[in-house]
Every structure is written in structure tokens, then in C-alpha cells.
Amino acid sequence: MVGPLFDHVWGEMKVALISPYPDITNYGLRTLSAVLRAAGHETVVICMPDFAGDGESAHTKMSEERYSAVAIDGMLSVIADVDLVGITLMTHYFDSAKQLTRAIHTTLGVPVIWGGFHPSVRPDECIHHCDFVAVGDAEDLILRLVDKLEAGESDALHDIKSLIWKRGQEVIRNPVGSLEQDLDAYPIPDFSNDDHHVLFEGELLPVTRDLLRRYLHNGTVSRMFGRTGYQTMTGRGCPHACTYCGNSFYRDLYKRQRYVRYRSVEHVITELETVKRDNPFIDFIWFSDDSFFGRPLPDLLDFAREYKERIGDPFYVLGSPGTITEEKYEALVDAGLLCIQMGIEHGSPRLQKMFKRSTMGNDKILKSAEVIAKFADRTAPPQYDVIYDLAYETIDDKLATLRLISDLPKPYRLQVFSVIYYPGTSLHTIAARDGLVNDEKAEIYDRMFFERHDSYTNTLLFLARSGRFPHPLLKALIDERVVKVATSDYLAPAGELAKRTFNVLRKVMRNPAVERARALGTLDKLGLFEARLEGMTGADAGAAAPSAAK
Ligand code: B12
Ligand code: SF4
């Protein structure tokens, strides 16, 4: 869609920034808002939680029309006077972004820029649905674009690095820009609530402190601990390039540039002090750095000291095997580390090689897990991530993962992800080459990681998730002879019955809508919500999901 861009009369710029994610933390988008505001522009921040992307298959289906007409109208009225709209998206939110963009183009006729992981890896696909695409980090890009548009130079955007844009029917791909090496140059994310809006009860409402508190309490990680968490990142990038992960794409995109960058300890702590002062209900910090433990030791010890003294809230980090040393871990526990999430991913050396994780093999995983276990009495059980359901796995590979799990020191919890070959990753390239990607919409865009295939080994994996399954029993159940009997055709009917019973129990015990309503403090309205979902299409249900929350 090119027309609206060139019909628009440019003047002082006001930019709307929209996120479809269920989790409203949105570090990247809020940083862009802060950057624009610091440069004197106006922004409107809109969170439109789209629960179809959050594992709510019991209630919602992926659909081309994810939002209700009421939600779309609410969004349009809030942004009626803006000059540019930005939408952030991961692959699963492609349809949400398309629906929002269609409505904006048709009704308001202002240009729309897409950014985030999906547009970065698939700019050519995305540019057909919007007017501009930002590839990779975009703080500099958005400022320069806004300046150019303000100056009425919408057809002379060649010097804006990493921008994909259109002139007439022609798509122009500008070269990739340089990564900012001094992350302290960026302001802290915009959590001002000033002209911020959120989709709540199916309606777009101004964000109040109370609404922000409820949504942060409902955040992906905070919800697990019953806390009200603030998410941030103390650095960007990862030293690894696992083949299923977005970092494999970015490392390639920014080759020959320093990719792993850290903010200074002072910059991070000042951000946390500021945000906590403005929002005293925050009682938990969630660092989503890809490589928190990659920080040099003196720096990490400095962080731990300052954090303990000036912040003190329990916190959550991610770490990869091999980077977790006892000295670093102890310092963080002493500073308030509540829980660590670590990717163990696979137990088979063959698959570890395919994932480019041979340097994070079973010896390193178990060593790191032992360090973590030493502090079990002062922390919550660690979360270990596992990837499964790969077409490349043999039964021996699957058993290798279960064997590794049976060797892990307790306590722990597993987060299990049925593999999705995300576009842009090297695993996607390999899988596509091998004919494993046939219908991208069904197999990637609209498929969530919890949609598992049923098998004996997957059942064991799910039983092991809580970390409470007795290891001797797990070891017995993966013994070669037992596996042979359990997977034989004779036992198939019994297996089918067990599977159905297990699925019913699972649905009864874990209802994401109930969990969310509980976290938002709106459980009493859930009956009404469930009733309203009866007979709804996926689209209605997706947009109505926040109605659990009144
Ligand atoms: C934190 C995080 C989350 C958080 C918070 C998400 C949120 N609401 O912000 C949680 C845990 C909820 C989450 C969930 C999921 N995540 Co996640 N997540 C991340 C992570 C680790 C960091 C994101 C981040 O803040 N980066 C730092 C900021 C600065 O970068 P950024 O967000 O990319 O933003 C910059 C640019 O992209 C650009 N930009 C971004 N938006 C826009 C918009 C406009 C208009 C413009 C111009 C530019 C622009 O400018 C920003 C500033 O430079 C990334 C990995 C990564 N390192 O990026 C994965 C990542 C984004 N997640 C991923 C995935 C797959 C998921 C899940 C679908 C499933 C899963 N396996 O976890 C779920 C989604 C469901 C849901 N509930 O939302 C994938 C995306 C792959 C894809 N093709 O879509 C990534 C890349 C990790 C990976 N596996 O490779 N995630
Ligand atoms: S260690 Fe984690 S964040 Fe880093 S590349 Fe591998 S999967 Fe991605």
C-alpha cells in the first residue's frame, strides 16, 4: 500500500507505537517511544494484547481477523491525529499486524512502519502490507525517518540505514546500519503512562497505574512467581548463534560488528530506581538478556553489589551452560536472584551439533546445573528449556534428552518447546532444504510451541516437567527393553486411552484464561467471559479475551 503515504500532509510529528503482544512489557517498542520523546516528538503507546499468540488454544484460534471491530475502532480513535504508526511483531503476530495496518490505511490514510524480529527477517514479505520496514535495531532509523517525513522528504530516504521503503511501485532496500556500541546513549524505556493505552475488557483504555500494575502482575514471568515484575535488558546480543534462535540471524546481519554489548551498571540501576520510584508496586525484576552471565566478572560483581544496595528486589535472569560459574552465581544469589532460566535444549550430542551447541554439551549443562543446585535453599527451582519434536530426532536422540534430565540435580522445572522453524534462523534454512517446511502459515506462523506430537517419549518429557518425577523411575522407563515394549503396536490402544485421559486432565488443570484472570484480579468475571466465548469465532475470541479482566 503506497497511496496513503504520499497523500499525507507532513507537519509536526506524532507517532503511534503499537504492540500486539500479550505481555505488555515491550522493551524495544518502549525504548523507541523514549527516543522519540527525548528528541521532542509526541508518541502514543498502544498495547493490544492478542491472546491468540499466547497459547490459549482452548479459547482462541489463529485467524486473519484477530481483533473485534470495537477494538479496532478504539485503536483508530486514539490515533486519529497521528502522522505515522509503528507496529512491532514477531512471526506469530503477522496476521494481527496486517489487520491493524489494513484498518489504519483504510480509515486514517497514514503510513505504517513495521519493525521487530519478523519484519527484520522477512522484510520483503512485510513491505507488501505496510509502507516502511525497519530491519534490526531501529532507534536511529525511527528518528531519521521522522525527521525526513517532517521535512517533507518522503521520497528521499536512501540514506536511512536499515530501512526498506517504497517509491511508487519500487521497493528500495537501504544497506544495513551500524549497531550502537554505547547502549547508555539510549534513554530508559517509556513507562510514563502518558498517552499510553491498553486493550482491556475488549476496549482500549488509557493506562492507569492500577492497570499497569495488573498487567505487570500478569506478565509471562511475573505470573509464575505471583509478583509484579518489571522487564528490562542490561545488554543486547549473545555470544552464541544457536541455529534455532534469532541470534543466528542477527549475528549474520551484523557480521564484522561487535554484536554483544552491555549497558553500564550505573545506567541499569538508575533505570530501575526511576521505574520503581514511579511505580512502587514493582517488587520483582526480570532481566531478559540473552547473555546475562557473559558480562565480565568484575562488572557482574559490581552489578550484584549495586543491585543489592539500591534495588534489592528478587530477580530473574537467563543463562547459558558454560557461562555460569559459582563465583558469578553466588554473587547474584546474594543480590537477590530468585530464579534462573537456562537452555539445556537437547541431550543428544548429534542434535547439539545441529543446534551449534556442542560447546554447551551435557558435561557443561550438568556442571552448571550443579552450581545452581548448590543454592537451591536460597532460590526458586531453576527453569530448564528443552526443545523436542524435531523431525531429525531418532528414538535414541529423544532418549538421550530424557537421560540427561534424569541426571539433573533436583529441584528444577522444565519448559518444553515443540520446535518451530522460525524464518531467518539457520535451522529454518536446513529444514526448508530438507523438505520439512511445507505450509509455513500452518507450521510456523500459526503454530505454537506447546502443540506437541503424541509419543511415548513426549509423555515422559511432560511427566518430568515438574521436576518431581522420581529419577530412578524415569531411568527405568527409558531402559531399552521397556521402551521397546511401550512403543510396540500391542500397546497402542492402551496408549491412546492414556493419552486422552491425560489431555482431559491437562485441560481441566491448566486453563490459561483462568490463570490470567486470577493474575489480573478479575476471576469473578470469568464465568461471564467463558459464556461469551461460546460460539465465537477465533477472531471474536482473540479480541474478547481481555474481557476476563474486569
Ligand atoms: C523478551 C522476549 C520475550 C518476552 C517479552 C516479549 C515482549 N512483550 O516484549 C516474552 C517472554 C513474553 C517473549 C515471548 C515470546 N517470544 Co520472545 N523474545 C524476547 C527476547 C529475548 C528479547 C526481546 C527484546 O526486548 N529485545 C531487545 C530489543 C531492544 O530489541 P527488539 O525487541 O528486537 O526491538 C528493536 C528492533 O527490533 C526494532 N523494533 C522492534 N519493534 C519495532 C517497531 C517499530 C515500529 C520499529 C520501527 C522498530 C521496531 O527496534 C527496537 C529497538 O532497537 C527476544 C530475543 C532477542 N534477543 O531479541 C525473543 C524473541 C523475540 N522471542 C521469540 C519468540 C518465538 C517468542 C514466543 C513466540 C515463544 C517463545 N518461544 O518464547 C513468545 C511469544 C508469545 C508472547 N506471549 O508474547 C523469538 C521471535 C522469533 C520470531 N520469528 O518471531 C525471539 C527473537 C527469540 C528467538 N527464539 O529467537 N519473548
Ligand atoms: S544461547 Fe540462547 S540466546 Fe544465545 S544464541 Fe543460543 S538460544 Fe539464542
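At what angle do helix H16 and helix H19 pack, and how far apart are their axes? Hold that question for a moment. The model is predicted: local features need pLDDT of at least 70, side-chain atom pairs count only at pLDDT 80 or more, and totals for chains, interfaces and linings use all residues. Residues are numbered from 1 along each chain as its sequence is written, while chains are lettered from A and ligands numbered from 1 in the order in which they are written.

Now the answer. Helix H16 (residues 395-407) and helix H19 (residues 456-463) pack at an angle of about 15 degrees, and their axes are 10 Å apart. Helices (H or I, at least four residues) and strands (E, at least two) are DSSP runs, numbered from the N terminus. Axes are lines fitted to C-alpha atoms, for helices over the stretch in contact, and angles run from 0 to 180 degrees between N-to-C directions. The angle makes H16 roughly parallel to H19. Angles under 35 degrees count as roughly parallel, over 145 as roughly antiparallel, 65 to 115 as roughly perpendicular and the rest as oblique. The crossing of H16 and H19 is left-handed. That term applies if the near helix is turned anticlockwise from the far one by less than a right angle; clockwise is right-handed. H16 brings Lys398, Leu399 and Leu402 to the contact, and H19 brings Thr457, Leu460 and Leu461. Contact here requires C-beta atoms, placed from the backbone, within 7 Å. By class, the contact of H16 with H19 has four nonpolar, one polar and one charged residues. Ala, Val, Leu, Ile, Met, Phe, Trp, Tyr, Cys and Pro count as nonpolar, Asp, Glu, Lys and Arg as charged, and the others, Gly among them, as polar.

The loop between H16 and strand S17 (413-418) holds Pro411. A cis peptide bond joins Lys410 to Pro411, with omega about 0 degrees.

Next, ligand 1. Its shell has 39 residues, and the closest are Gly28, Gly86, Met90, Gly115 and Gly246. A residue is near a molecule if its C-beta atom, placed from the backbone, lies within 6 Å of it. Elements that give two or more residues include helix H2 (27-38), strand S3 (84-88) and helix H7 (139-150). H2 gives the most, with five residues. The shell draws at least three residues from each of domain 1 (4-183) and domain 2 (209-487). Those bounds come from an automatic or database domain assignment. By class, the shell has 17 nonpolar, 16 polar and six charged residues.

H2 and H7 also pack together. Their angle is about 45 degrees, and their axes are 10 Å apart. That makes H2 oblique to H7. Their crossing is right-handed. Thr31, Leu32, Val35 and Leu36 of H2 make the contact with Glu139, Ile142, Leu143 and Val146 of H7. Beyond H7, the loop between H7 and strand S6 (163-167) contains Ser162. Ser162 is not a glycine, yet its phi is positive, about 70 degrees.

Ligand 2 comes next. Among the residues around ligand 2 are Cys238, Cys242, Cys245, His240 and Asp290. By class, its shell has four nonpolar, four polar and one charged residues.

One more helix pair remains. Helix H12 (residues 297-310) and helix H13 (residues 326-335) pack at about 10 degrees, with axes 8 Å apart. H12 and H13 are therefore roughly parallel to each other. Residues that meet include Leu297, Leu300 and Leu301 in H12 and Ala331 and Leu332 in H13. This contact has eight nonpolar, no polar and four charged residues.

Terms used. Contact = placed C-beta atoms within 7 Å.
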